[in-house]
Amino acid sequence: MRIAIYPGTFDPVTHGHLDIINRATKLFDKLIIGVAQDTGKNTVFEIDERLNLIKNQVTELTNVEVKPFSGLLVNFAKKENCCTIIRGIRVISDFEYEFQLSLMNKKLAPDLETVFLMTSSDYLFLSSSIIKQVSSLGGCIEGLVPADVAKALYKKLKGSR
Ligand code: COA
């Protein structure tokens, strides 16, 4: 059984992430979405909220599990018997950071491969931060995140004003 992990902060999950998730499920027997608890990012959503927002989007994907993790990604990946780390690449500027991350992960766990999927052109400009910024300034994020994520974000940002 070939198990892959797609790690991220997912604060919040966007259609860009979901596009990668959908495509990765076709390449592996099982996909674990690893939601990082402590990435040093100041998250808008708590870990349970980030987990639930993703879980609600993947109910129809039978080979997907959504799990939190803390500490090193490679340790969690090994514990879950993953053979591959999936990462999405959007633009050339992602490459340098992703290259560094994958080399360090390879150093830490030589048996774990990183596979990069090119983000679909519709989502090349997306990031969780830009979604939060546009939403906080009253801009429309329809079509960029699932409707319940947009609703949760609106509620959260309204509460923090
Ligand atoms: N579509 C849309 N947006 C995408 C995307 C896609 N296909 N792929 C990435 N993004 C966005 C993310 O939403 C995120 O946006 P943000 O910065 O506005 O929040 C950004 O691009 C990528 O952020 P990045 O920091 O690269 O990744 P991440 O936050 O998703 O996850 C971890 C980083 C969790 C994988 C990494 O920090 C980690 O492995 N942590 C565990 C500790 C560890 O092992 N450290 C050593 C690693 S060598």
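**Ground rules.** I'm working with a predicted model, where local features need pLDDT of at least 70, side-chain atom pairs count only at pLDDT 80 or more, and totals for chains, interfaces and linings use all residues. Residues are numbered from 1 along each chain as its sequence is written, and side-chain values use heavy atoms, with hydrogens and water left out.

**The chain.** I found six helices and five strands in the protein chain. Helices (H or I, at least four residues) and strands (E, at least two) are DSSP runs, numbered from the N terminus. Along the sequence the pattern reads β-α-β-α-β-α-β-α-β-α-α.

I looked up the radius of gyration, which is taken over C-alpha atoms; the globule rule is 2.2 Å times the number of residues to the power 0.38. For 161 residues a compact globule would come out near 15 Å, and the protein chain has 15 Å, so the two agree. Its C-alpha atoms fill a box of roughly 45 × 30 × 30 Å along the principal axes.

**The ligand.** Which residues come nearest to the ligand? Of the 26 around it, they are Thr9, Lys41, Leu73, Ser128 and Ser129. A residue counts as near if one of its heavy atoms lies within 4 Å.

I sorted the shell into 10 nonpolar, 12 polar and four charged residues. Here Ala, Val, Leu, Ile, Met, Phe, Trp, Tyr, Cys and Pro count as nonpolar, Asp, Glu, Lys and Arg as charged, and the others, Gly among them, as polar. Helix H4 gives the most to this shell, with five residues.

Next I checked polar contacts (pairs of N or O atoms within 3.5 Å). A polar side-chain atom of Ser129 is 2.4 Å from a ligand oxygen atom, and one of His17 is 3.0 Å from a ligand oxygen atom. Leu126 uses a backbone N or O atom, 3.3 Å from a ligand nitrogen atom.

The elements that give two or more residues to the shell are strand E1 (3-8), helix H1 (15-25), helix H4 (92-108) and helix H5 (128-136).

Where is Pro12 found? I traced Pro12 to the loop between E1 and H1. The peptide bond from Asp11 to Pro12 is cis, with omega near 0 degrees. Phe10 lies in the loop between E1 and H1 too, and has a positive phi of about 55 degrees although it is not a glycine. I noted both because most residues other than glycine have a negative phi, and most peptide bonds are trans.

Notes. A polar contact is a pair of N or O atoms within 3.5 Å; within protein, one must be able to donate a hydrogen and the other to accept it, and residues adjacent in sequence count only if both atoms are side-chain atoms.
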